[in-house]
Amino acid sequence: MNKKILITGISGFVGHHFIAKSRPNRQLFGTYHQNEVQFTDITCYSLAITDTAAFIALLEDIKPDTVIHLAALSNPNYCENHPENCQEVNSAATFHLITACQERDIHFIFASTDLVFDGKKPPYTEKEATNGIMTYGLDKAKTEHLAELMYPNKVTIARLPLQYGWCETAPNFLTNWVKTLKSGNTIKAFTNEYRTAAWAGDVADGLLLLAEQEAKGIWHLGGPERQSRYDFAIEVTKILDVDPALVIPVLQKDIKMAAARPTDVSLNSEKATKLGYAPGLAAERLRMIL
Ligand SMILES: NC(=O)c1ccc[n+]([C@@H]2O[C@H](COP(=O)([O-])OP(=O)(O)OC[C@H]3O[C@@H](n4cnc5c(N)ncnc54)[C@H](OP(=O)(O)O)[C@@H]3O)[C@@H](O)[C@H]2O)c1
């Protein structure tokens, strides 16, 4: 059966990792907002997710089996400083998209985050109660909760970990680190912030697995190892063959940011692993992408 999957926010960092993932039995469609993208294997459309009528027109045109909803304001510091905008884009718009999917019996996957947790009792399974400590995480948790109440029989909550990858047009922390380290300059990395980071290409495969299996409920798509940001940075220096002393160890409290940062939101992703999710180790994936 040819499965049609519509991915909102394909122009973002995670979205770019769906390139080349169309298959004879899997047709991918995507949306962008301010950054127009065109990919050879994915038909892309312009969409503001706050424009429900435009989203409905897209659903009527494409008739997808699943919507993977990535589009969001993804920067916790921005969300902290702009809570109303965060609520409008990350929560309110999502509810309207879910309603539109529910009315058409379309499976809906909501991209949530490990930041729905406070970081005090890791590693977190899907059964743990959420307790975010910043606007972004609180908003995602609220949206998860309402999504499940609204559309319990066809909604999937995918909690994504911190992701890394290489994408010139949608850079992330790794892109900046690599450019800085290669030019011989120093970076700062937290020794007391732990995550189960994953390569965004593996997470994209995990999301497609959830789409193909129509796996309902909550799923963690964390990476296979718990590492501090500092340890991860040291892995990067090994692959780049640069001096590890270029990584300056710092504590979270040393760098002031708008959004509070949990110390350890490591995810237990055994449930997804049993379903076939197979994220690679950082050393292996960094060697592949750098
Ligand atoms: N990256 C991570 O490490 C990470 C970790 C956990 C969870 N997540 C979640 O995963 C999802 C994707 O993250 P990402 O890193 O790819 O984020 P990103 O790089 O910031 O991309 C955000 C995407 O959302 C789109 N978007 C933003 N506002 C929009 C609006 N009003 N209307 C329509 N589209 C809009 C952007 O479109 P344009 O660029 O075209 O404007 C872009 O495609 C998000 O839901 C995020 O919360 C990410």
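Reply: What follows takes each label for this predicted model and sets the value against its definition.

Me: Why is aspartate 105 called exposed?

Reply: Count the neighbours. Aspartate 105 has 9 C-beta neighbours inside 10 Å. The cut-off for exposed is 12 or fewer. So aspartate 105 counts as exposed. Aspartate 105 sits in the loop between helix H3 (83-103) and E5.

Me: What makes glutamate 214 partly exposed?

Reply: Glutamate 214 has 13 C-beta neighbours inside 10 Å. Exposed needs 12 or fewer, and buried needs 20 or more. The count falls in between, so glutamate 214 counts as partly exposed. Phi is positive here too: near 45° for glutamate 214, again a residue other than glycine. Glutamate 214 belongs to the loop between helix H6 (200-213) and strand E11 (217-220).

Me: Where is the cis peptide bond, and what is its omega?

Reply: The cis bond joins proline 122 and proline 123. Omega is about -5°. Proline 123 lies in the loop between strand E5 (107-113) and helix H4 (135-150).

Me: How do you know that E1 pairs with E2?

Reply: Pairing takes at least two bridges. Strand E1 (residues 3-8) and strand E2 (residues 26-32) are joined by 5 bridges, so they pair. The two strands run parallel. Lysine 3 has arginine 26 in E2 as its bridge partner.

Me: What joins E1 to E4?

Reply: 4 bridges join E1 to strand E4 (residues 66-69). At least two are needed, so this counts as pairing as well. E1 and E4 run parallel. Leucine 6 stands opposite valine 67 in E4.

Me: What makes E3 and E11 edge strands?

Reply: Start with the order. 7 strands form an open sheet, E3-E2-E1-E4-E5-E6-E11, and the pairing is parallel. Strand E3 (42-46) and E11 each pair on one side only, and they are the edge strands. From one strand to the next, the twist averages 20°.

Me: Which helix packs on the sheet, touching E5 and E6?

Reply: That is H4. H4 touches E5 and strand E6 (155-160). The direction of H4 makes about 155° with that of E5.

Me: Why are the buried residues of H9 said to line one face?

Reply: In helix H9 (residues 282-289), the buried residues are Ala282, Arg285 and Leu286. Seen down the axis of H9, they fall within an arc of 100°, so they line one face of the helix. In general, an α-helix has 3.6 residues a turn, so residues three or four places apart point the same way. The face of H9 turned away from the buried side carries the exposed residues Glu284 and Met288. The cover over the buried residues of H9 includes strand E10 (198-199), strand E12 (227-228) and helix H7 (229-240).

Me: How many residues of the shell around the ligand are nonpolar, polar and charged?

Reply: The shell divides into 15 nonpolar, 11 polar and no charged residues. Gly counts among the polar ones. Of the 26 residues around the ligand, Gly9, Gly12, His33, Gln34 and Ala72 come nearest.

Definitions and conventions: Residues numbered from 1 in each chain as written. Predicted model: local features only at pLDDT ≥ 70, side-chain atom pairs only at ≥ 80, totals over all residues. Axes fitted to C-alpha atoms, helices over the stretch in contact; angles between N-to-C directions. Contact = placed C-beta atoms within 7 Å. Near = placed C-beta within 6 Å. Arc of directions from axis to C-beta.
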